[in-house]
Amino acid sequence: MFCLDQYSRQLLQLHDHICPRQILGLRMGELASSILELPFPQTNKRVLAFVESDGCFADGVMTATGCSMGHRTMRLVDEGKIAATFIDTVTERAFRIWPQPTVRQRAALCVPDKCSRWHAQLEAYQVMSVDELLSVHEVALTIDLRAIISRNGIRVACTHCGEEIINEREVIFDGHPLCRSCAGEGYFQFKAESVFAVSAIPSMTIYQ
């Protein structure tokens, strides 16, 4: 049976309150542990989680599973969905988990006396059965898992801008390594007219 108490302290270190989407992330993490037959939160890096939205939902997944960006065991694939895929990197079995499409309506029926839909979802998501709450399906990745994981200590300098690239994320063009920005695949462009000197930044005062 789901018990929020075991997670609440860690969640409240990340947020000033606990919300329904955090509960969904926690429940998905617990279900993934059961399906993969692996203990969570993990203390190794065996399981990789792909979350399909950021925010409090992702923190729920992180808290339940031990997967995180810092450990390179969580990746954001921003689909704008409250869903996650969990991969056992040893067996390469992968399962995608997402809420049942009628979960909000079921939550309202489960605890009809709550003052708002938000409060109803917060309570109902903790007590609803897994079958009522979540959908799960085994999936096959369309990307190379080994390329995502990469290897420690691999680094190369971009031939164009000179910046270091880690985790084998370079693009090879005419036999030369380029970062994705210089290869035209970046998420930003430098403003040609902008000149910025780091030394000109005023000293920052940190208040205790």
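Reader: Where does E170 lie?

Author: This is a predicted model. In it, E170 is found in the loop between β7 (164-166) and β8 (171-173).

Reader: What makes E170 count as buried, partly exposed or exposed?

Author: Buried means under 20% relative accessible area and exposed means over 50%. The value for E170 is 26%, so E170 counts as partly exposed. E170 touches V156, I165, P177 and L178, leaving aside residues up to four places away in sequence.

Reader: Which peptide bond is cis?

Author: The bond that joins F40 and P41 is cis, with omega at about -5°. P41 is in the loop between α2 and β1. Most peptide bonds are trans.

Reader: How do you know that E52 and R96 form a salt bridge?

Author: The test asks for a side-chain nitrogen of Lys or Arg within 4 Å of a carboxyl oxygen of Asp or Glu. For E52 and R96 the N to O distance is 2.8 Å, so the pair passes. The pair links distant parts of the chain: E52 sits in the loop between β1 (47-51) and α3, R96 in strand β4 (residues 94-99), and they are 44 residues apart. Both E52 and R96 are buried.

Reader: What makes R146 and E92 a salt bridge?

Author: Their side chains come to 3.3 Å, N to O, and the limit is 4 Å, so this is a salt bridge. R146 lies in helix α7 (residues 145-149) and E92 in the loop between β3 (84-88) and β4, so the pair ties together parts that are 54 residues apart in sequence. R146 has a relative accessibility of 44%, so it counts as partly exposed. E92 is partly exposed as well, at 46%.

Reader: How many salt bridges does the count come to?

Author: The count is six. One of them joins E123 and K114, whose closest N and O atoms are 2.7 Å apart. E123 has a relative accessible area of 33%, so it is called partly exposed. K114, at 34%, is also partly exposed.

Reader: What about D59, and how do you know that it has no salt bridge?

Author: D59 is buried, and the nearest side chain of opposite charge, R21, is 12 Å away. The limit is 4 Å, so no salt bridge is counted for D59.

Reader: Which side chain does D59 join in a polar contact?

Author: The side chain of H15 does so, at 2.7 Å. D59 touches L11, L14 and H15, not counting residues up to four places away in sequence.

Reader: D59 lies in helix α3 (residues 56-65). Why is α3 called mostly covered?

Author: Nine of the 10 residues of α3 are buried. Among them are C56, F57, D59 and V61. The buried residues of α3 pack against α1 (5-14), α2 (20-36), β1, β2 (74-76) and β3.

Reader: What does the secondary structure of the protein chain come to?

Author: It comes to seven helices and nine strands.

Reader: Why is the chain called more spread out than a compact globule?

Author: Its radius of gyration is 21 Å, well over the 17 Å that the globule rule gives for 208 residues, so the chain is more spread out than a compact globule. The C-alpha atoms fill a box of roughly 60 × 50 × 30 Å along the principal axes. Buried residues make up 37% of the 208 residues.

Definitions and conventions. Residues numbered from 1 in each chain as written. Predicted model: local features only at pLDDT ≥ 70, side-chain atom pairs only at ≥ 80, totals over all residues. Heavy atoms only, no water. Helix = DSSP H or I, 4+ residues; strand = E, 2+ residues; numbered from the N terminus. Buried < 20%, exposed > 50% of the residue type's maximum accessible area, 1.4 Å probe, protein only. Lys, Arg positive; Asp, Glu negative; His and termini not counted. Polar contact = N/O pair within 3.5 Å; in protein donor to acceptor, adjacent residues only side chain to side chain. Contact = heavy atoms within 4.5 Å. Rg over C-alpha atoms; globule rule 2.2 N^0.38 Å.
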